[in-house]
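Here is a short walk through one protein model. Keep the sequence and the structure in view as you read.

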Amino acid sequence: MAQEYKELSKLTLDEQEDILRTMSQSYFPIEINDKVFMIPEEVNNLIDRLVERLEKSGHQVNIGDIFGDAND
């Protein structure tokens, strides 16, 4: 990712701001096991719809339980 930031420095300030604005609008934070990940809007929407379906079926949903801990 550091390489991408170096590439940004080659752009004009306006271009940098446009790219960073787009990145911040297109990605959403999701916390799993006390770690925060940035995921695309489409993935966030998919997770939301899956959770809604499970909850409508009477299941209690904890995203950390679904994904599990990477150290397990």
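A nonpolar core is a set of buried Ala, Val, Leu, Ile, Met, Phe, Trp, Tyr and Cys residues joined through side-chain atoms within 4.5 Å. Buried means under 20% relative accessible area, exposed means over 50%, and partly exposed lies in between (1.4 Å probe, protein chains only). The largest such core here holds 5 residues: Ile-30, Ile-32, Ile-39, Ile-47 and Val-51. At least two residues of this core come from β1 (27-32), and at least two from α3 (41-56). In soluble globular proteins, nonpolar side chains tend to be buried together.

The model is predicted: local features need pLDDT of at least 70, side-chain atom pairs count only at pLDDT 80 or more, and totals for chains, interfaces and linings use all residues. Residues are numbered from 1 along each chain as its sequence is written, and side-chain values use heavy atoms, with hydrogens and water left out. The pLDDT is the predictor's confidence in each residue, from 0 to 100. Its average in this protein is 81, and 81% of the residues score at least 70. Confidence is highest in α3, at a mean of 90, and lowest in helix α4 (residues 63-67), at 63.

Now the layout. The protein has 4 helices and 2 strands. Both kinds of element are DSSP runs numbered from the N terminus: helices are H or I with at least four residues, strands are E with at least two. From the N terminus, the order is α-α-β-β-α-α. Of the 72 residues, 12% are buried. The protein exposes about 6200 Å², and carbon and sulfur atoms supply 52% of that area. Accessible areas come from the Shrake-Rupley method with a 1.4 Å probe; for residues, only the protein chains shown count as cover.

Which residues form a nonpolar patch on the surface? They are Tyr-5, Leu-11, Ile-19, Leu-20, Met-23, Tyr-27, Val-36 and Met-38, with about 710 Å² of accessible area together. Two elements give two or more residues to the patch: α2 (13-26) and β2 (35-40). The most come from α2, with 3 residues. Patch residues have over 30% relative accessible area and no salt bridge; nonpolar side chains (Val, Leu, Ile, Met, Phe, Trp, Tyr) are joined within 5 Å, like charges within 9 Å. A salt bridge is a side-chain nitrogen of Lys or Arg within 4 Å of a carboxyl oxygen of Asp or Glu.

Leu-11 sits in the loop between α1 (2-8) and α2. Leu-11 is partly exposed, at a relative accessible area of 30%. Met-38 lies in strand β2 and is exposed, at 52%. Met-38 and Met-23 are 15 residues apart in sequence, and their C-alpha atoms are 9.8 Å apart in space. Beyond its neighbours within four places in sequence, Met-38 is in contact (heavy atoms within 4.5 Å) with Tyr-27, Phe-28 and Pro-29.

Most residues other than glycine have a negative phi. Asn-33 has a positive phi, near 50 degrees. Asp-34, also not a glycine, has a positive phi of about 65 degrees. Is Asp-34 buried or exposed? Asp-34 counts as exposed, at 72% relative accessibility, while Asn-33 counts as partly exposed, at 33%.
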